[in-house]
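My notebook is open and the viewer is running. I jot down below what I looked up, one topic at a time.

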Amino acid sequence: MTEKKTPLHAEHEALGATMTDFGGWMMPLRYTSDLAEHRAVREAAGLFDLSHMGGIAVTGPDAGAALDHALVGNLSKLRRAGARYTMICADDGGVLDDLIVYRTGEDEYFVVANAANAETVLVALLERAAGFDAQVRDVSARDALIAVQGPRAAQIVREVLAEDSEISGGTAFDELRYYASLGMRFGEEAVLVARTGYTGEDGFEIWVAAPHAVALWRALLAAGEPHGLVPAGLSARDSLRLEAGMPLYGHELDTTTTPYDAGVGRIVKLDKVSDDGTPVEFVGRAALAARAERAPERVLVGLRGTGRRPARAGYPVVQPEAVPSPDGSLGPRVGAVTSGAPSPTLGHPVAMAYVSPEVSAEGTELAVDVRGRAEPFVVVPLPFYRRERG
């Protein structure tokens, strides 16, 4: 299958990026070094092309009600210009994808899906909106998505984009809250700016009409250079989100995992009701309600490495006193790593893993089977890294 290319593909090539397939798209893995790009985001700012993400518009008088039925969250109660992290689940409660939903108007919502799951989410929303006075449209090709993340992100975005009271909803850029959005201008073009991200830093995600993506990308690079901004690829994005304890679909989330398993059961609104007070029956509700009452069979935890060798996705988590068995494997096994890497910010290996409840308490000493050797890890709270605020 031919990989898709974002409107910024030529820009990445001109910058010498190493490209890779990701969810069917050719995306920049890195431009210079993973470490340099990671540190730039933590200390200054990074510029990301996220145009591979799926964009789905849900509009109409029943748009909010349709999303309440389709997703686990209470989207009809989302404030205008607000954003919400939520999930779309199967009938058995398994996660089909994690999403961010923006309310862009009274009867207008914008759903952002992961690139590899965009078609699955679109089909599911079309099916689940049947019977509601709502329209579901794939608008992925309409816009490009560019993110500026890091402690200097606000200053950089402020230099490139202009406020416009007619499209801002009455919110000034400096007043924009986390998980909120507003309309701004790039030259004569209207853009949507959201204070959201996937790095653990302050930052902004900007939707711009695809024909204007290159001009915006170049303007942000130029404005950001004096502030230490660099273009950053998927590799840095992954290490940043891991430090921030943010789940990645296909690793911490999949169709065998419920939101409760992943430690985000709070986003499941079992008590949501319609405007007339009638309980909302959403897809997966029965299974999720039953899961909420059961003790967990596995728990997602953070692991801090006390050695030097990092754990990687799929590596077994074992008891630290385990000794090699006759066949050379380690045991007893108590879980599996979902994501792991050296932490550039903290200076030691970190990992997320699903483990059995009896070994999930903070401070529990465990080990990870790293190619036949038991490497020491200890259970710690998530996230591993939390930015300073204020």
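Before the first entry I note how elements are named: helices here are DSSP runs of H or I with at least four residues, numbered from the N terminus. I also keep in mind that this is a predicted model.

**Entry: Arg291**

I started with Arg291, which I found in helix 8, residues 285-293. Is Arg291 buried or exposed? I take buried to mean under 20% relative accessible area. Arg291 has 7% relative accessibility, so I put it down as buried. I then listed its contacts, skipping neighbours within four places in sequence: Thr258, Tyr260, Asp261 and Pro296.

**Entry: the barrel**

Next I traced a sheet that closes into a barrel of 6 strands, in the order 16-19-18-17-20-21, with antiparallel pairing. On average, neighbouring strands of this sheet are turned by 45 degrees against each other, direction ignored.

I went through some of the pairs. Strand 16 (residues 299-305) runs antiparallel to strand 19 (residues 349-355), and I noted 6 bridges for them. Here Val301 sits opposite Ala353 of strand 19. Strand 18 pairs with strand 19 over 7 bridges, again in the antiparallel sense, and Pro342 faces Pro349 of strand 19. For strand 17 (residues 316-318) and strand 18 I noted 3 bridges, also antiparallel, with Val318 opposite Arg333 of strand 18.

I looked at the hairpin of strand 18 and strand 19 as well. There are 6 residues between its strands, and Gly347 takes a positive phi near 85 degrees in this hairpin. As for burial, I recorded 7 of the 10 residues of strand 18 as buried, so the strand is largely enclosed by the rest of the structure.

**Entry: helix 7 on the sheet**

Which helix packs on this sheet, touching strand 18 and strand 19? I found that it is helix 7 (residues 234-243), whose direction makes about 125 degrees with that of strand 18.

Why do I call helix 7 largely enclosed? Because 9 of its 10 residues are buried. Among the buried ones I wrote down Leu234, Ala236, Leu240 and Leu242, and also the charged-looking entries Arg237, Arg241 and Glu243. The cover over the buried residues of helix 7 includes strand 2 (18-22), strand 3 (25-30), helix 2 (34-43) and strand 4 (45-49), along with strand 18 and strand 19. After helix 7 comes Gly245, with a positive phi near 65 degrees.

Leu29 and Ser235 are 206 residues apart in sequence, yet I read 5.5 Å between their C-alpha atoms. Leaving out residues up to four places away in sequence, Leu29 touches Thr18, Met19, Thr20, Gly233, Leu234 and Ser235. With 24% relative accessibility, Leu29 goes down as partly exposed.

A reminder to myself: most residues other than glycine have a negative phi, and most peptide bonds are trans. With that in mind I noted these spots.

- Ala81 has a positive phi near 75 degrees. I located Ala81 in the loop between helix 3 (63-70) and strand 6 (83-89), and its relative accessible area of 23% makes it partly exposed.
- Arg371 has a positive phi near 55 degrees. I located Arg371 in the loop between strand 20 (365-370) and strand 21, and with a relative accessible area of 73% it is exposed.
- The peptide bond from Leu382 to Pro383 is cis, with omega near 0 degrees. Pro383 belongs to the segment after strand 21 (373-380).

**Entry: the second largest pocket**

Last, I turned to the second largest pocket, which holds about 720 Å³ of space. Which elements give two or more residues to its lining? I listed strand 5 (54-59), strand 7 (95-105), strand 8 (108-113), strand 12 (181-186), strand 13 (189-194) and strand 14 (203-209).

The lining has 30 residues, and those nearest the centre of the pocket are Thr104, Glu108, Ser181, Gly183 and Leu192. By type, I recorded 14 nonpolar, 7 polar and 9 charged residues in this lining.

Notes:
Residues are numbered from 1 along each chain as its sequence is written. This is a predicted model: local features need pLDDT of at least 70, side-chain atom pairs count only at pLDDT 80 or more; totals for chains, interfaces and linings use all residues. Side-chain values use heavy atoms; hydrogens and water are left out. On a 1 Å grid over the protein atoms alone, a cavity is a set of points where a 1.4 Å probe fits but cannot get out, and a pocket is an open set with protein on both sides within 12 Å along at least five of seven lines; lining residues have an atom within 4 Å of a point. Grid points are joined across faces, edges and corners, and a volume is the space filled by probe spheres set on the points. Buried means under 20% relative accessible area, exposed over 50%, partly exposed in between (1.4 Å probe, protein chains only). Contact means heavy atoms within 4.5 Å. Two strands pair if DSSP finds at least two bridges between them. Axes are lines fitted to C-alpha atoms, for helices over the stretch in contact, and angles run from 0 to 180 degrees between N-to-C directions.
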